[in-house]
Amino acid sequence: MDYVKKEIRLNPINNRRLMSLCGPFDDNLKQLEHQLGVVINRYDNVFKLIGKLIAINTAANVLLALYSDTEVEVGVINDISPKKVYLTVKQIQGLERLSIKSTDYVYDSLKQFIMKSNIVKPRTPNQAQYISNIFSYDITFGIGPAGTGKTYLAIAAAIDLLERRKRKYIVLTRPAIEAGEKLGFLPGDLNQKSDPYIRPLYDALFSILGHEKVEQLVHKNVIDVAPLAYMRGRTLNDSVVILDESQNTTVTQMKMFLTRIGFNSTAIITGDITQVDLPKNQLSGLIHAIQVLSKIKDISFNFFSKEDSVRHAIVTRIIDAYETWCKK
């Protein structure tokens with residue numbers, strides 16, 4: 001395929017915004033060049049792009065999107081990082097896979113939702129549909145490989161529902177099972193013993209709300225984080241209930257969790273069926289639930305792929321390598 005050239009102008013001209021877009025020593029432009037295989041030359045607000053047609057159209061959309069993001073409000077300049085460049089490329093490419101013309105300005109097609117504490121944007125069409133389904137269905141499954149935003153977006157949506165007073169509580173849970181290792185005796189009280197299993201849920205909460213706010217809500221019992229075994233016997237009303245790493249539930253545990261759901265509650269179940277840590281002779285509760293519940297209309301199943309990964313680019317390549325190896 002022949003290389004083509006394209007020129008875009010970013011308006012209005014604002015040197016501070018252009019500096020934010022390009023990054024220190026043009027690091028953001030270098031990230032974009034590396035990710036898409038294009039060449040970018042800039043003079044003031046004029047960007048000349050060289051590369052394959054699809055790639056330079058994507059690059060043009062990314063530059064437009066990022067320049068729009070440099071000013072969050074009049075006079076307030078938002079710093080653009082190479083990580084944000086990478087995520088925006090994923091976002092634009094996802095939209096283009098939906099047959100949206102790549103010459104169009106497509107950035108706003110994936111709507112953000114703004115919480116009191118943060119702004120969260122889906123980066124791929126699958127993520128956007130996932131968030132929409134969480135707000136629309138009583139029970140939503142998010143199934144796919146690592147790094148696709150299943151847990152983070154679920155917790156962000158839960159916080160949004162809490163802040164808008166649509167729900168009163170957030171309950172986060174995980175099955176307490178080792179990932180292939182035998183950890184043996186763990187010292188401390190019951191909470192200290194279970195903490196290693198639920199730490200990733202706290203990490204997501206801290207990322208969105210900050211440590212102090214999370215600690216306040218946990219102290220007030222507004223946020224409850226506990227191993228799955230603690231769910232038995234409870235009825236969860238007015239809550240967003242998130243079951244993470246659900247591929248490591250047994251069939252009995254999955255049924256137990258799903259039957260905890262009370263009135264005015266939303267359940268979100270996330271998992272990766274390629275990383276089951278149960279004994280080989282034991283069926284995953286997540287796999288069983290997909291088979292048994294898929295025809296119930298009030299339950300949403302959302303399947304992610306490696307293209308939805310928003311972690312470091314190498315994560316996608318690792319997933320691809322393992323998929324290739326498993327097919328041998």
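# A guided tour of the predicted model

Begin by selecting Tyr322, which counts as exposed because its relative accessibility is 56%, above the 50% cut-off for that class. The model on display is a predicted one. Tyr322 lies in helix H11, which covers residues 313-326.

**The whole chain**

Now display the entire protein chain. Eleven helices and 13 strands are found in it. Of its 328 residues, 48% are buried. The accessible surface amounts to about 17,800 Å², and carbon and sulfur atoms account for 53% of that. Among contacts with a separation of 6 or more, 72% are between residues 24 or more positions apart.

**The sheet of E1, E2 and E3**

Select strands E1, E2 and E3 next. They make an open sheet of three strands in the order E1-E3-E2, with antiparallel pairing. E1 and E2 are the edge strands, each pairing on one side only. From one strand to the next, the twist averages 20°. Five bridges join E2 and E3 in the antiparallel sense. To see one pair of bridge partners, select Tyr43 together with Val46 of E3.

Most residues other than glycine have a negative phi, and most peptide bonds are trans. The following stops concern departures from that pattern.

Select Asp44, in the loop between strand E2 (39-43) and strand E3 (46-51). Its phi is near 55°, a positive value in a residue other than glycine. Asp44 is classed as partly exposed because its relative accessibility is 45%. From here, pick the C-alpha atom of Asn14: it is 9.3 Å from that of Asp44, although the two residues are 30 apart in sequence.

Move to Pro12, in the loop between strand E1 (4-9) and helix H1 (15-22). The peptide bond leading from Asn11 to Pro12 is cis, with omega near -5°.

Then select Asp26, in the loop between H1 and helix H2 (27-36). Here too phi is positive in a residue other than glycine, with a value near 60°. A relative accessible area of 32% is the reason Asp26 counts as partly exposed.

**Salt bridges**

Side chains of opposite charge can pair when their charged atoms come close. The structure holds seven salt bridges, and the tour visits some of them.

Select Arg17 and Glu71, whose closest N and O atoms are 3.5 Å apart in a salt bridge. This pair links distant parts of the chain, 54 residues apart: Arg17 is in helix H1 and Glu71 in strand E4 (residues 71-73). Arg17 is buried, at 7% relative accessible area, whereas Glu71 is partly exposed, at 26%.

Continue to Asp69 and Lys84, whose side chains meet in a salt bridge at 3.0 Å, N to O. Here the link runs from helix H3 (residues 53-69), which holds Asp69, to helix H4 (residues 82-97), which holds Lys84, and the two residues are 15 apart. Asp69 and Lys84 are both buried.

Finish with Arg174 and Asp244, which form a salt bridge at 2.8 Å, N to O. Arg174 belongs to strand E9 (residues 169-174), while Asp244, 70 residues away in the chain, is in the loop between strand E11 (239-243) and helix H9 (251-258). Both residues of this pair, Arg174 and Asp244, are buried.

Note on methods: Residues numbered from 1 in each chain as written. Predicted model: local features only at pLDDT ≥ 70, side-chain atom pairs only at ≥ 80, totals over all residues. Heavy atoms only, no water. Helix = DSSP H or I, 4+ residues; strand = E, 2+ residues; numbered from the N terminus. Buried < 20%, exposed > 50% of the residue type's maximum accessible area, 1.4 Å probe, protein only. Pairing = 2+ DSSP bridges. Axes fitted to C-alpha atoms, helices over the stretch in contact; angles between N-to-C directions. Contact = heavy atoms within 4.5 Å. Areas by Shrake-Rupley, 256 points an atom, 1.4 Å probe, with all protein chains shown as cover. Salt bridge = Lys/Arg side-chain N within 4 Å of Asp/Glu carboxyl O.
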